[in-house]
Amino acid sequence: MDISFSAVLSQIMLGLNNGAFYALLSLGLAVIFGMLNVVNFAHGAFYMLGAFAALLGLDYLPRLLGSDVGIGFWSALLLGPLLVGLLGVLIEKTMLQRLYKVDHLYGLLLTFGLALIFEGVLTNYFNVAGEPYSGKPAMLEGAVNLGFMVFPAYRLFSIVFSLLVCFAVWYLAERTRLGSYLRAGTENPDVARAFGIDVPMLRSLTYFLGVALAGLAGVVAAPIYSVSPKMGSDLIIVVFAVVVIGGMGSIMGAIVTGLALGLLEGAVKVFYPPLANTVIFIVMALVLLWRPAGLFGKER
Amino acid sequence: MQARIKTLVVATVVALPLAAQAAEPLKIGILTDMSGVYAGVGGKGSVIAAELAAADAGGKVLGRPIQIVAADHQNKADIGVSKAREWFDTQGVAMINDLTNSGVGIAVQRLGTEKKRITINNGAGSTALTNKECGPYGVHYAYDTYALAKGTATALMKQGLNSWFFLQADYAFGQSLQNDAAAIVSGMGGKVLGTVKHPLATTDFSSYLLQAQSSGAKVVGLANAGGDFVNGVKQAKEFGLKQTLVGLLVFDSDIKALGLNTAQGMKFTTAYSWELTPEMEAFGKRFFAKAGFMPTMTQAGVYSSTMHYLNAVKAAGSDDADAVMKKMRSTPINDFFAKKGVIRADGRMVHDMYLVEVLKPSESKGPWDQLRLVATIPGDVAFKPLSASECSLVKK
C-alpha cells in the first residue's frame, strides 16, 4: 500500500477529532481524581447521559409535551452538562461524600456500580445500536474543503470547541482564585477550613465541574456518533488509559496526552489499521514501566 | 351440594382431554437480533411474520395449536446457542427460524444437527451454512452472500466499474460476502485494491472511508449490513466521497432509514420487495397492516419458510425432524416469495433473485415507493451451483 501525504494528513485530522474528545473526557477525570482522589468509573456513563439529554430534549420531550419544538443543539450544549452535573452533585452529596476518607477502591466500586445501573436502565428503553441525533445546527451542515481533504464542518467545530473548553478549565483550575481554593480545599482540607473556606461545598463544586465536562462531551458527540446506552463504556477504557499515561490528576497532562494519543491512533490507522485499537494500551504499558506516575504526574 | 359435585366431576372430565391437548403446542422459535444493528432487518418484524404464517395455517397443525416464541440473541453466538439449547431441551421447540447474524446462524445450525431439530436461516448470509458447515436439518432460505455478490458485482462490472475497495464487517458474514464479491470482481477481470475490516456495530466509519477514498478505486463496496451499512453510507456523504458506493447486502428498511435523497441510484440485489410483483405487494400490505412497516426480505422469508414448514408437518403427519425435512425437500415452494423454489441436498433453497435500483425522490409515489426492478436473476444463475458445493451431504 502506498501512503500519500494527504492520506496521512486526513487521518491526522480524524485523530485530532478523536483526541479532542479524549482530552475533554480525561480532563474531567483528572479534575475529579486530582482534587477529590476519586477514581470516577461513572465518567463514561455521564458522557452517555449528556448525549441522551440532547437526544431526549430534541425528540422525546416535545412528544411528551405535545409541542412542535424541542430543545435545540445550542440550548442542549448548556442544559445537558448542567443536568448531568446536578445529578453528579446529588450522587456526591448522598453517596460519594462518605467515601473520601476510605481507600480509593470504594469510590471506584461505587462509581462502577452506578455506571452499570445507568447503562442497564437505558438499555431497557433504547436500541443498543444507537439512535441518530438529528439536531445538528444548520450552520454546521456540509463540509469544508481543507485542500488535502473534505472535512465535515461539524467535526471541525467539535475540535475547536473542545480545545477551547479544555483551555478554559485549565485556566480556571490553575490561574484563578476559585481554582486555588479548589486545590487548597483538597490538598489540605484542615488548613483550608481554618482559613474559612467551605470545603464540602468546594468538593461538590469540583465533582459538578468534572461530571459536567463529561456531559458536555456527550452533547458534542451526539451529532457525530449514534446515541446509545453503550457509548460510554466503549470509550471509558481508552480515556482511563489516557489519564494514566498523562499522570493521574494532572490537568495539562490529560489535555496534552488526550490530543497526542488521538493523533497517534490516527497515524497508526494509516500504517497498520489492526493495531489502532491497541496502540494506546501499548503506550500505557511502556509509560508505566518507565515513569509509573505518568508523563506529567508527580510521584506521591 | 351433590349437584355441585356432579357439575365439578362433569367439568373435569370434559376439561381433561382439552387440557392435555393444550399442553402440547407445536412451538416455533424466532431467534433474532431484537435491539442491535440488525433489529430492523429481522427483530420483531420476523416475529410478526411467523405469527402471520401461524394464523394463515389456521392457528393449528395436526390438531395442535401453533405457538411462536421469540428471543434476542444480541448478536452473540454464545447467547444464541444457549437460548436455542434451552428451547430444544426444556421447551420442546420444534424449529428455529430467522437467525439473523451468521455467527449465531452457524452455531445454532450446528446445534440443530446435534439435537436433530430443524433450523431455518433467513437472516444470516454466510455461504458456509450450505458448504463446510452444512447440516441435514439446516435450511438456508432467503438469500446468501454468493447470490448477493453475484447479482450486484456482475451488474457493476458490466458498467465498467472494475476497481474495488471493500469495507468489511469483521466476522463470518462480512468475510463471506467480501470473498464472494472479490472472486466475482477478479473473475471478470477487475481489480480489488484493498479491504479494510471494521468491528460489527461501528459508529465511526470516517477513517475507513478515507482509506477507501485514497485507494483510488472506482467502487467502494460495503460488505456489511443493517445499521453498519446505514452509518457507512451517511458518513460517506458527510465526507463527500465521490466514488460509486455499493451496498452488497441492502434491505428495504435500510433504504427507508437513509432516505431516497441519500440512497438514490444505488443498485443492489434482493430476494423480496413489496414492489416487485403483485403477489409480493399483497403480502407486503397484509404485513404492513400488522407491523406498520413493509417487510424486509428476511421477514418475508420467515413467513414463507414457516408456512412451508407447517405444510410439511401436516403432510408428514408428525413433527419428527427427519420426516418433516423429507417433505420440505420433496415439495417445491410456490408462493409470493418463490416460484418452483427447491431445497437442495446442501440445504440451499434456490429461487429467483432481483437486481433493483433505488428511485430518485421525484420518481417516488409514496413513503414506501423506493425501488425499481432492473433485472430478474434466475435461481440457477443466482446461487452457487450444487456441483461447486463443499457440503459433505452432497453426493458427487
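Okay, let's start with Phe112(A), which is partly exposed, because its relative accessibility comes out at 38%, between the cut-offs of 20% for buried and 50% for exposed. Keep in mind that this is a predicted model. Phe41(A) also counts as partly exposed, with a relative accessible area of 22%.

So how do the rings of Phe41(A) and Phe112(A) sit relative to each other? Their centres are 5.5 Å apart and their planes make an angle of 80°, so we call the pair edge-to-face.

Over to chain B, for another edge-to-face pair. Tyr272(B) and Phe283(B) have 6.2 Å from centre to centre, with 80° between the planes. Are they buried or exposed? Both are buried. Tyr272(B) is in the loop between β11 and α11, and Phe283(B) is in helix α11 itself, so the pair ties together parts eleven residues apart in sequence. If you search the whole structure, you get 25 aromatic pairs over all chains.

In chain A, Arg63(A) lies over the face of Tyr60(A), 4.9 Å from the ring centre. In chain B, the charged end of Lys256(B) is over the ring of Trp368(B), at 5.0 Å from the centre.

Now for the cores. The largest nonpolar core has 113 residues, and the ones touching the most other members are Ile118(B), Leu167(B), Tyr309(B), Met328(B) and Phe337(B). Which helix gives the most to this core? That's helix α12 of chain B, with nine residues. Both domain 1 and domain 2 of chain B put in at least three residues each.

Take Met328(B) as an example: leaving out residues up to four places away in sequence, its contacts include Ile118(B), Val139(B), Tyr309(B) and Ile343(B). Apart from that core there's another one, of 83 residues, with Tyr47(A) and Phe240(A) among them.

Last stop, Gly221(B), in strand β9 of chain B. Why does Gly221(B) count as buried? Because its relative accessibility is 0%, and the cut-off is under 20%. Again skipping residues up to four places away in sequence, Gly221(B) touches Trp164(B), Phe165(B), Phe166(B), Leu167(B) and Val246(B). You've met Leu167(B) already, in the largest nonpolar core.

Terms used
Residues numbered from 1 in each chain as written. Chains lettered and ligands numbered in written order. Predicted model: local features only at pLDDT ≥ 70, side-chain atom pairs only at ≥ 80, totals over all residues. Heavy atoms only, no water. Helix = DSSP H or I, 4+ residues; strand = E, 2+ residues; numbered from the N terminus. Buried < 20%, exposed > 50% of the residue type's maximum accessible area, 1.4 Å probe, protein only. Contact = heavy atoms within 4.5 Å. Core = buried A, V, L, I, M, F, W, Y, C linked by side-chain atoms within 4.5 Å. Domains from an automatic or database assignment. Phe/Tyr/Trp six-rings, centres within 6.5 Å; stacked < 30°, edge-to-face > 60°. Lys NZ or Arg CZ within 6 Å of the ring centre and 35° of its normal.
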